[in-house]
Every structure is written in structure tokens, then in C-alpha cells.
Amino acid sequence: MGEVVVPIEDDDSTQVFPLYSPAPPTTTPLEIITVKSTSVKDTPAAPGPPGVVELESWLPLTESRNGTTFSAVSHLLCSGIGVQALLLPAAFSSLGWAWGIICLSIAYTWQLYTTWLLVDLHEPVPGTRCSRFVRLSIIAFGQKLGKLLAIFPVMYLSGGSCVTLIITGGNSMKQFFNIICEEGIMCGSKSLSGTHWFLIFTCVALIIGQFPNLNSIARVSLTGAIASIGYITTIWALSIGKGRNNGVSYSIPEAEKTGMAGFGNISNAIGIIILVFRGHNLILEIQGTLPMPSDSTRSCRKSMWRSVMISYIIIPMCLFPLAVVGFWAYGNKIPAKGLGILTTFSQLRRRDTSKFVIGLIYLWLTISCITSYQIYAMPAFDNLEFVYANSKRRRCPEWVRVGLRLFFGGLTFFIAVAFPFLGSLAPLIGGMTVVPLTFAYPCFMWISIRKPRPKSGMWCLNLGLGCLGIALSIVLIVAAVWNLADKGLDANFFSP
């Protein structure tokens with residue numbers, strides 16, 4: 001497979017990191033370099049710093065360019081459907097039917113548009129590829145500002161998501177075990193603590209996490225996508241089949257409609273809807289696994305957009321029924337934390353639902369968390385291997401790659417055990433990371449790179465959406481801080 005890259009000139013005064021340096025002027029002559037996407041064994045150190053193409057061929061995100069539309073769809077579904085969807089009915093209980101559907105539709109349309117922007121910006125200069133969100137941010141905003149704006153959100157959405165998945169997946173494994181052994185005396189005598197379940201989950205995730213690159217985990221992502229669709233569809237389908245629960249209320253208490261309490265509830269509901277749409281920190285990375293012809297007259301944009309359209313037809317088919325049916329069936333009884341509708345379903349429908357079905361839901365949720373861990377950990381693996389490859393001027397040996405991934409897994413496990421209440425901080429941290437990265441940054445990037453005519457339609461649209469995204473981020477941060485100050489935080493350190 002061929003790839004066109006821009007040569008990077010040496011600078012005697014500073015060391016330039018090829019993947020995270022500003023884009024050179026477009027007037028620089030382009031050089032065509034042929035690169036094979038097959039895996040290569042340990043490469044001896046070169047006398048000079050590695051070039052962009054050589055370095056990218058060593059790293060997990062871009063080591064293989066043999067992806068297909070099917071593998072891209074699998075990655076998009078696995079990263080785009082998460083446990084946050086279980087809280088959607090709780091958001092409707094604060095917004096009501098009309099505003100809940102309107103806000104969910106707006107959020108879906110908005111993030112689909114910013115996805116299109118990122119797909120279009122994958123090749124900021126014809127013939128070149130930008131397979132990392134941080135790299136695109138540096139091209140758009142410059143070396144210092146680009147890193148400042150993008151590194152924390154991207155690293156949090158990689159490491160922080162993995163920590164959250166350990167917490168959720170470990171608790172799901174525990175619930176599955178308790179359901180299977182509900183009346184078993186031997187099971188009760190061998191019950192494990194939350195820390196043990198977190199450790200089991202992390203060990204399983206790290207065993208699967210030894211796949212070398214993003215393209216190689218396509219089947220893992222497919223399994224996660226099937227599991228995610230499975231537990232979400234089962235929940236809302238059974239909720240329809242069982243009928244509306246007795247005593248369901250859709251009204252909001254008067255004390256929570258006005259003042260700061262009302263502001264906090266509405267902002268929290270909007271935050272839940274926004275945080276459901278995730279995975280923008282992986283769009284460019286997934287597109288980077290698709291092949292591109294070496295003649296640079298065509299691109300992988302069409303293949304990626306086809307994958308996006310397929311996956312984003314399936315995603316609303318899961319999210320919208322879950323939100324509407326869940327609110328119809330249980331009203332305001334769904335908690336706005338934890339597993340949301342799954343917790344309510346398990347409590348209210350335990351008597352008239354077989355143990356096998358409830359256990360199957362928790363099993364699917366566990367599989368979804370394990371498989372999502374792989375794709376969200378990949379940017380962190382890539383960053384760790386980049387540091388090694390750039391300093392040693394060669395690809396990571398197998399033992400180094402395994403060691404780095406075990407280190408990352410151990411770190412996320414420790415954070416999950418130390419801060420098992422991290423999910424309660426999701427509205428605050430999500431307002432600082434997910435909202436700008438998903439709804440604001442792509443709009444500003446498109447203006448900076450494509451340079452549309454000022455005051456044109458696209459210029460006004462992207463500037464308006466970008467500013468609105470930043471304002472929404474600030475509002476959600478303020479609301480999250482207010483809710484924490486008003487309701488407090490159950491900070492159970494080292495007590496999962």
C-alpha cells in the first residue's frame with residue numbers, strides 16, 4: 001500500500017516529533033513513499049530520527065492499513081454504543097417527552113455532522129493522512145495550543161473510559177455471578193469482593209489486549225457491537241412485553257422545577273444525552289486503518305463515510321427505543337446514576353422475568369465492557385509505544401509491547417480501585433472533555449484547515465456550532481459543580 005507524506009526538515013535547535021509536529025506548508029514538494037502494511041519484526045535502530053511513514057508503520061493505530069468497511073463499522077458500533085445509554089430514560093424524566101426527544105435528536109444530528117467533518121479532515125492536505133486526533137489538533141491550532149486543547153480530552157477518553165469500563169464491567173461480572181448462584185450455598189461461601197472482580201475483569205481485558213494493532217481487533221469489536229445491541233434491545237423489548245409498571249409517574253416534583261435545583265436537573269439531563277454520543281476521539285484512528293491507493297487521486301473518505309452511515313443507522317435504532325420505552329415503562333423511577341434502567345428493570349421485573357434472561361443481560365454488558373476496553377485503550381498503547389519508538393528509533397519488541405500494556409492495565413486497575421466513584425464525576429469531566437471534543441473542536445478545525453470564505457454559509461455554521469459547543473461545555477461544568485456541592489459526593493476511596 002502506498003502513502004504520500006510531506007518530508008519533515010531537520011531543525012538544529014529543537015527536536016521534532018514527526019507525528020505531533022505542525023503541518024508544513026502545502027507548497028512543499030510531495031514525496032511518494034511505498035510502505036508495506038504487513039507486520040515487521042524488531043527493526044534495528046537507524047542512524048537518524050525515524051520518518052513519519054516509518055514511525056507510523058511501527059505503531060498500533062497505523063501498523064496495519066488493511067481494514068475494510070465491515071471492520072470500520074464494527075469499531076464504530078463498539079465505541080459508539082456504551083453503558084451511558086442506560087441512563088437515557090432518566091434524562092427524559094427531567095426533560096419530559098417532547099424536550100427529551102428534541103434534545104436527543106439534536107445531539108444525534110450534531111455529532112453526526114462533526115463526524116462528517118472529521119472524516120473530511122482525515123486528509124488535511126491531498127495525499128496525506130492524519131490518523132490521530134491530537135495530530136489534527138496540532139495541524140489546526142498550532143503546536144502548543146493544539147496539544148493543550150487535545151491531549152487531556154483524548155487521554156482521558158482513553159484511560160478514563162478504560163477505568164470506567166473496569167468499574168462497570170467488574171460490577172456486572174459480580175451481578176452475573178450472584179444471579180447464577182442466587183440460591184447456591186457454595187457460591188455464597190466463595191463470594192468475592194469488588195476489588196477481586198475488578199482484577200478478574202482487568203486480567204481478561206489484558207489477555208485480549210495483546211492483539212498487536214487496531215485493525216487486528218476487528219472481530220473483538222464486532223463481538224462487542226453484537227453484545228451492546230443485544231443487552232439494549234433485550235431491555236427495551238422486555239419492557240414493552242411486560243407492560244408499564246404500576247404507579248408510574250411522568251411528572252417532576254414542584255421543588256425540582258425551579259431555581260438552581262431545576263437548572264441542575266435539566267443540565268444533568270442534557271449532559272446525560274450528550275455523553276451518550278462518544279467515540280469521536282477514535283474516528284480518525286479508525287479511518288487510519290482503511291487502505292488508500294498510492295496514486296493520491298482517490299481517498300478512503302468514501303469508504304469511511306459509508307461505514308459511518310451504516311453504523312449511525314444502527315445506533316439510533318438502539319438509543320431512541322431505549323429512551324422512549326424506558327421512560328414509558330418506568331417513568332421517574334429510573335436513577336440518574338449507575339446502570340440506570342438496568343437497575344430498575346432488575347429490581348421491578350425480577351419476579352416475572354427468568355433468571356436466565358437477567359443473567360444474559362449482565363453477561364452481554366460484561367462482554368461489551370471487555371471489548372470496548374480494547375478499542376479505547378488503543379490510543380494509550382499507541383502513545384506509549386510512540387515514546388519508545390521515537391527514542392530508540394525502532395519498533396517495540398514484543399516483550400516491551402507486552403510490558404507497556406500490562407503497565408497501562410495495572411494503572412487503570414489501581415485507579416478503578418482507588419476511585420470507584422469515578423462515574424459520579426462523569427458529568428463534570430465529560431463537560432470538560434467529551435463535549436468540546438465531540439461538538440466544538442471539529443467545527444473550529446474545519447474552519448482553520450479548510451479556510452472557507454468568511455461569513456459564508458459553512459463558515460457561519462461551523463463558527464456558530466463551535467461557539468455553542470464551548471458554551472454548552474461551560475454550562476454543564478457549572479451544573480455538575482453545583483450538583484456536587486448540593487448533593488455531595490460519596491467518595492468511597494479504595495472501597496469498590
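Helix α8 (residues 218-242) comprises 25 residues and spans 36 Å from its first C-alpha to its last, close to the 36 Å expected at 1.5 Å a residue. The expected span is 1.5 Å times one less than the number of residues in the helix. Helices (H or I, at least four residues) and strands (E, at least two) are DSSP runs, numbered from the N terminus. G243 follows α8 and has a positive phi, near 85°.

The model is predicted; local features need pLDDT of at least 70, side-chain atom pairs count only at pLDDT 80 or more, and totals for chains, interfaces and linings use all residues. Residues are numbered from 1 along each chain as its sequence is written, and side-chain values use heavy atoms, with hydrogens and water left out.

Confidence was examined next. pLDDT is the predictor's confidence in each residue, from 0 to 100. The protein chain averages 84, and 85% of its residues score at least 70. Where pLDDT is low, predicted coordinates should not be read in detail.

The largest nonpolar core holds 119 residues. Such a core is a set of buried Ala, Val, Leu, Ile, Met, Phe, Trp, Tyr and Cys residues joined through side-chain atoms within 4.5 Å. Buried means under 20% relative accessible area, exposed over 50%, and partly exposed in between (1.4 Å probe, protein chains only). L86, F133, M304 and Y373 touch the most other members of the largest core. Helix α3 (residues 88-121) supplies the largest share of this core, 15 residues. Leaving aside residues up to four places away in sequence, L86 touches Y231, I235, L322, L339, G340, I341 and L342. A second, separate core has 5 residues, including L55, W58, L59 and A389.

Two residues other than glycine adopt positive phi values. For R393, phi is near 60°. R393 lies in the loop between α13 (355-392) and α14. Its relative accessibility is 32%, so R393 counts as partly exposed. For K451, phi is near 50°. K451 sits in the loop between α16 (434-450) and α17 (457-487). Its relative accessibility is 63%, so K451 counts as exposed.

Terms used. Contact = heavy atoms within 4.5 Å.
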